[in-house]
Amino acid sequence: MNYFIKTNRTFTTVRKYAWVVTLLVALGGLWQPRLGLIVIGIMAGLTITAFFTGRYWCGNFCPHGSLFDSIINPISQNKKIPKILKSKSFVSLFFIFFMFNFTRKLINVMRLWGSYQFIDRLGLIFVNTYLIVLIIGGALALLINSRTWCQFCPMGSLQKVSHKLGEYSGITKYTEKKVTIENTSKCHTCGKCSRVCPFQLTPYLEFDEHNQFNNINCIRCSTCVENCPANILSLQVEGNAKRIKENSATDGYENRRRILAIIKNIKDLKDDLKEFEFQFINPRNVQYKAGQFILIKIQDNPLQYRAYSISSNNRDDGTLKVIIKKVENGYGTNLIFKHNIGDEVVLEGPMGNELVVPEGAKKLLFISNGIGVTPFIGLVEESLDRDEIESIIFLNGQRFESDFIYNDQFKMMDLDNDKFKYMPITSRESNDIFLKGYVTDYLDDLDLSEYKVFMCGSKAMIEQSYHKLLFNGVNSKDIYFESEERINLSA
Ligand SMILES: Cc1cc2nc3c(=O)[nH]c(=O)nc-3n(C[C@H](O)[C@H](O)[C@H](O)COP(=O)(O)OP(=O)(O)OC[C@H]3O[C@@H](n4cnc5c(N)ncnc54)[C@H](O)[C@@H]3O)c2cc1C
Ligand code: SF4
Ligand code: SF4
């Protein structure tokens, strides 16, 4: 089970294809040494950009970085980078060693100034340097982590020096974009920003008073931003960070607190699916709403929790249920599934308001697929208890009949309550018990005027449903959703 997660790190065309320059210089340069002169432009570029915005170059333009991320990362071992390679003494010694050799070679070539050979010999210095980085950096990328070389790359150190000068000048305050968190109380402390980080940094544990991540080694690659399940990270200059912090709404997060609980019951729903019931110990009572989620601590070092939708309706304030699907090679679920009844656990929450049904709502459409069904168990129960709610339709999509949970309970609630209509749908089963297809196939048939829509499930389902709902006349402010993936609503 690997702690670090491999994800796409190339979000722009430059980052996807800049590696071509590496091959052009390092290999093409062996035949045409003048190609090495391109590196002079690259060195100038990285030094200038670093003055204004730190190691931005490394994460966004560097041709070697592009090679490591685009080509080698998919086949890298993706292991922990040894501490020694990150240590200040090693990085400084390597920088001195590199600069000494580089300067020595330059002085030798300078003796040829004015001769026919000069340009080619100068180019060859850069070609050889590029080739060495390609071989050593490539091997380290393959065997350890794709950005191992970058921990002590002399060009990275050069950028740090340039950035320090930028800081002294005061300009970086206005030009340097840093990883910024909208609001720390919305952070799930899941550590995903750290697990996907090519430099294995820990932004979620280090935000400063302006909610910014001040780490000179951050290459501003946006991988954490793209992967944060809470969608609360962005790259911002200090002024914007302050504004975001001031304007951040915390509805649904204001009662977040640490809760000591014991596991009261564990129910096996399927081979890879368990329902955990927690009894609160300290405090004894916790107010939560159906549609919120709770964090379960999985480890202390580094501190990490996992988020789970609350599946129970808060009838007694003393207990809470979640349903957890064991992810193959999942780091957190493998730890949580080792727990037994009676074990003490630390929870944090309750959190979130995305799926909480607001006061005044009368007609509700619930849509889920896969494990996204879990919050709707509590939500249907709670909404049926509320007199002002006139109609609840629930579209529950699963692949096979065997994937349904709480199906009989939903059917019973449908039979017992005129205002509840349950629509189970399977995409891969052919029988008459279930509707066939995807939840999105049934949106056109519904009259959704005055309905508020709540969705939980896969990114694809939420994005497709959202557009269909808008097309069917539902107002965007009446559509609420939650997903562990980043949702993109642009058409
Ligand atoms: C608000 C919210 C509510 C949620 N509610 C529920 C719920 O009710 N029930 C539920 O079961 N889950 C829920 N989740 C998801 C849950 O928080 C966890 O993300 C989930 O349990 C997986 O955790 P994990 O640590 O086991 O998996 P991780 O180890 O974090 O793996 C997550 C994904 O990354 C992939 N991955 C892991 N390691 C690597 C690697 N080395 N290389 C490439 N890919 C990798 C895995 O295949 C998996 O797809 C919710 C999430 C959020 C944000
Ligand atoms: S902290 Fe984020 S932006 Fe910085 S290097 Fe890590 S993943 Fe990239
Ligand atoms: S990835 Fe997780 S830990 Fe990191 S900022 Fe987002 S919610 Fe917080």
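This is a predicted model: local features need pLDDT of at least 70, side-chain atom pairs count only at pLDDT 80 or more; totals for chains, interfaces and linings use all residues.
In what sense do strand β11 and β12 pair, and over how many bridges? The pairing is parallel, and two bridges make it up. Strand β11 covers residues 420–426. At one point along this pair, Thr426 stands opposite Lys436 of β12.

Six strands build it, in the order β12-β11-β10-β9-β13-β14. The sheet is open, and its pairing is parallel. β12 (435–436) sits at one edge and β14 (479–482) at the other. Each of these two strands pairs on one side only. In general, strands of a sheet pair through backbone hydrogen bonds, in parallel or antiparallel fashion.

Step back to the whole chain. It has 491 residues, of which 39% count as buried. It contains 16 helices and 14 strands. Along the principal axes, its C-alpha atoms fill a box of roughly 95 × 45 × 45 Å. Look at the contacts with a separation of 6 or more: 73% of them join residues 24 or more positions apart.

Domain 1 spans 13–167 and domain 2 spans 177–247. The centres of domain 3 and domain 4 lie 24 Å apart, taken over C-alpha atoms. Their contact takes 11 residues from domain 3 and 10 residues from domain 4. On the domain 3 side, five of the residues are nonpolar, five are polar and one is charged.

Between β8 (344–351) and β9 (363–369) runs a loop, and Pro358 lies in it. Is Pro358 buried or exposed? Pro358 counts as exposed, because it has 9 C-beta neighbours inside 10 Å, and the cut-off for exposed is 12 or fewer.

The largest nonpolar core has 58 residues. Ile294, Ile296, Phe366, Val380, Phe394 and Val453 touch the most other members. Domain 3 and domain 4 each contribute at least three residues to this core. Take Val380 as an example. Beyond its neighbours within four places in sequence, Val380 is in contact with Phe366, Ile392, Phe394, Phe410, Met413 and Phe420. A second, separate core holds 46 residues, including Val39, Leu67, Tyr130 and Ala230.

Finally, turn to the ligands. Why does ligand 1 lie between domain 3 and domain 4? Both domains give residues to its shell, so ligand 1 lies between them. The shell counts 24 residues, and the closest are Gly330, Tyr331, Gly332, Thr333 and Glu484. Three elements each supply at least two shell residues: β6 (303–309), β7 (319–325) and α13 (331–336). By class, 12 residues of this shell are nonpolar, seven are polar and five are charged.

Ligand 3 has 14 residues around it. Cys187, Cys190, Cys193, Tyr204 and Cys228 come nearest. Its shell has 10 nonpolar residues, three polar ones and one charged.

Definitions and conventions. Residues are numbered from 1 along each chain as its sequence is written. Chains are lettered from A and ligands numbered from 1 in the order in which they are written. A residue is near a molecule or strand if its C-beta atom, placed from the backbone, lies within 6 Å of it. Helices (H or I, at least four residues) and strands (E, at least two) are DSSP runs, numbered from the N terminus. Ala, Val, Leu, Ile, Met, Phe, Trp, Tyr, Cys and Pro count as nonpolar, Asp, Glu, Lys and Arg as charged, and the others, Gly among them, as polar. Domain bounds come from an automatic or database domain assignment. Two residues are in contact if their C-beta atoms, placed from the backbone, lie within 7 Å. A nonpolar core is a set of buried Ala, Val, Leu, Ile, Met, Phe, Trp, Tyr and Cys residues joined through C-beta atoms within 7 Å. A residue is buried if 20 or more other C-beta atoms lie within 10 Å of its own, exposed if 12 or fewer, and partly exposed in between; C-beta atoms are placed from the backbone. Two strands pair if DSSP finds at least two bridges between them.
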